[in-house]
Amino acid sequence: MYHLGVASQLKQRVDVSKCRFAGASAGSLVAAALACNADLGAVTQSLLDTASHVRAYRMGPLNPTARLFDRLTNTLRDILPDTAHELR
């Protein structure tokens, strides 16, 4: 979640359209959101919802019935444009 706070400040203080982004794990989700100029509020809410959902399962994200991968995939489909893979 800290990544999203930093991303929000970057969007307020820097012209992110001229920046390149990279990240690993959760940072890659935030980097993709920044690169695509996605609504960071929507990203935050989706990740909070996913975290809440996963915590309800025994062993959390390690429980296969939590379907973490599917939830993250749906989040990316919802927040990123269809042409996200074409952006430079």
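**Loops and core**

Biologist: Ser25 lies in the loop between α1 (2-13) and α2 (26-35). About what phi does Ser25 have?

Modeller: This is a predicted model, where local features need pLDDT of at least 70, side-chain atom pairs count only at pLDDT 80 or more, and totals for chains, interfaces and linings use all residues. Residues are numbered from 1 along each chain as its sequence is written, and side-chain values use heavy atoms, leaving out hydrogens and water. Helices (H or I, at least four residues) and strands (E, at least two) are DSSP runs, numbered from the N terminus. Ser25 isn't a glycine, yet its phi is positive, at about 60°.

Biologist: Is Ser25 buried or exposed?

Modeller: Buried means under 20% relative accessible area, exposed over 50%, partly exposed in between (1.4 Å probe, protein chains only). Ser25 comes in at 67%, so it's exposed.

Biologist: And Met59: what's the phi there?

Modeller: Met59 sits in the loop between α3 (40-55) and α4 (68-79). Its relative accessibility is 59%, so Met59 counts as exposed. Though Met59 is not a glycine, its phi is positive, near 70°.

Biologist: Which residues in the largest nonpolar core touch the most other members?

Modeller: A nonpolar core is a set of buried Ala, Val, Leu, Ile, Met, Phe, Trp, Tyr and Cys residues joined through side-chain atoms within 4.5 Å. The largest one has 14 residues, and those touching the most other members are Leu4, Leu34, Leu40 and Val43.

Biologist: Which element gives the most to this core?

Modeller: Two or more residues come from each of α1, α2 and α3. With four residues, the top contributor is α2.
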